[in-house]
Structures are given as C-alpha cells and as structure tokens.
Amino acid sequence: MLPSSARAGASLAVAAMLCVQLGLAVSVGLFDRIGPGGAAFLRLAWAGVLLLVLVRPRLSSLRRPTLLACVALGVVTAGMTMMFMAAVARIPMGTASALEFLGPLTVAVVRGAGGKRLWAVLAAAGVVLLTEPWRGGVDPAGVGYALASAVCWAAYILLTQRVGDEVAGVRGLAVSMPVAGLAATLVAGPSVFAHLSWPLVLAGLGLALLVPVIPFSFEMLALRRLTASAFGTLMSVEPALALVIGLLVLHQVPAPGAVAGVAFVVVAGIGAERTGARPVAAAAGPRPDIHR
C-alpha cells in the first residue's frame, strides 16, 4: 500500500491531468466562435496576465542566458498550445493527445538506459493504429498539427529543465507564460479581437485557471511527494485519460484500433519513463517534465 504522502501526490497528479483534459475539451466549444487559435490565445493571454500579477518576477534578477531560455520557453509553449488546439479541431482528442505525447516519449527514450528500441517500436505501432494509413480516414492536417505540437512539447521539456535548474519556484513560468500570451496574441489576436465579447473573455479566464494555473500548482505539490520517475509514469496515462474525456464530454467514440493505439503509446510512455529518469543531482529542484 502506498504511503499517505505518495497517495496524496498521485491524487494531485491525476487531478492535474483531469484539469488539463477538461480544459481542452471545454475549449472545443469555443472553436465555432473564435476558432482553435482564438481559444488558445484566450487561455495563454489570461494565464500570462495571472502569473505576471501573482508572481511579479524581477527580470533584473535573471542572468541573460536564463532570460533568453525563459523567452524561448514561452514561444515553444505558445506553439505547443496552438498546434494542439488546431489538431483537436480536426481529429479526436484521444488521438491528438497520443500523437502529441510522442514528444515527451521521445525525450524519455533518448535519455533512457536500457530497452530503448522496445519502447520506440511499441510507440510506432501505436501511431500506426491511431492513424490507420491503410484507410486514409484520419485528417492529415490534424495529424501534422499534433506531431508539430509533439516537437514543441519535447523542446518544452528540455527548456523547462534548463530554466528549472537556474530559477527557483515558479518565477521562470511567470516570465515564460506572459511571453507565450504575447506570442499567441501576435499570431491569433488580430483575427479574434473583433469577435470578442465579455462572456468570451470571462470564459478565457476560466480556461486559463483550468489550464495551466491550477494543474501547474497541483503538479508542483505532487512533485514534493513523488519521485520524478513515479510522476512521469503517472503522467504517461494522460493520452488514455484524453480518450475517456473525449468520449464523455465530446462524445467522440473511439474505434477499436484507436483504443489499442493509445494503449500502446501509454505502455511505451510508462516503460520509457521508468528507464529514463533524470538524475536527481542534475536539477536544482523538482520540476515537472510533462506539462501542457
């Protein structure tokens, strides 16, 4: 039986994943009014404002390389969010989440110790089952957006580790998230401003709380109670959770092949994470490897 601290950490990690997936599912309801780019813009802009106001980071306290890493992290965060929103607008959420998860999975496989090829082959089999290239029924643009988000997620992990090694607490996020909000505003804002209303603006505030403000807080609390390997293993089940949320909230009924594909990706993620834990000495403090 898990110790109470570990149980609490696991509960917080699951709650964080639920917030993320529910936030994504609710965002789909805004697509008809402001498009996927507009939904991503509202989330990121509000999240940036909230963290900037609550944390009030001092840029003068950061070294120039660290500040540049924070800015790069913000740009990557914007790309990851906007690409994933574009993917969910075209393909089922469970499929998009599993394809996007190839980003952190690749990082885990590359840094893993043994059995790397096994997890890579298992993940590749999952992708084939998810996309069913022999049928040609999956939107290729949706798959492309999900894979682009996966690349951004992999870069996000590496940059988060870099920033987390040099910046304590959430000060790094309080710099990167406003940058992400600004980047999303520059890309999607001009086409969305004319369609905004107060109800939409307030909906964006609620979405920003669901993703990323509340789940990030939960993840930070979970990481104080769990090892990085245990946390990463738990987060590996997120594509399966996305499949369930897509079914319950968006009524997206997955095909048997998609269910098997998600299962393959989840198992590969768990296996790769267990063999690819980052040495504790490499980091200045606990940081989440996986966060959207």
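At what angle do helix α4 (residues 93-100) and helix α7 (residues 140-166) pack, and how far apart are their axes? In this predicted model, local features need pLDDT of at least 70 and side-chain atom pairs count only at pLDDT 80 or more, while totals for chains, interfaces and linings use all residues. Residues are numbered from 1 along each chain as its sequence is written, and side-chain values use heavy atoms, with hydrogens and water left out.

The two helices pack at an angle of about 40 degrees, with their axes 7 Å apart. Helix α4 is therefore oblique to α7 (angles under 35 degrees count as roughly parallel, over 145 as roughly antiparallel, 65 to 115 as roughly perpendicular and the rest as oblique). The contact (heavy atoms within 4.5 Å) involves A96, L99 and E100 of α4 together with V143, A146, L147, S149, A150 and W153 of α7. These residues comprise 7 nonpolar, 1 polar and 1 charged.

Two residues other than glycine adopt a positive phi. For R56 the value is near 50 degrees, and this residue is placed in the loop between α2 (31-55) and α3. For H251 phi is about 60 degrees, and H251 lies in the loop between α11 (238-250) and α12 (256-274). R56 is exposed, with a relative accessible area of 66%, and H251 is exposed at 63% (buried means under 20% relative accessible area, exposed over 50%, partly exposed in between, with a 1.4 Å probe and protein chains only). The peptide bond from V211 to P212 is cis, with omega near 15 degrees; P212 belongs to helix α9 (residues 198-223).

Definitions and conventions
Axes fitted to C-alpha atoms, helices over the stretch in contact; angles between N-to-C directions. Helix = DSSP H or I, 4+ residues; strand = E, 2+ residues; numbered from the N terminus. Nonpolar A, V, L, I, M, F, W, Y, C, P; charged D, E, K, R; others polar.
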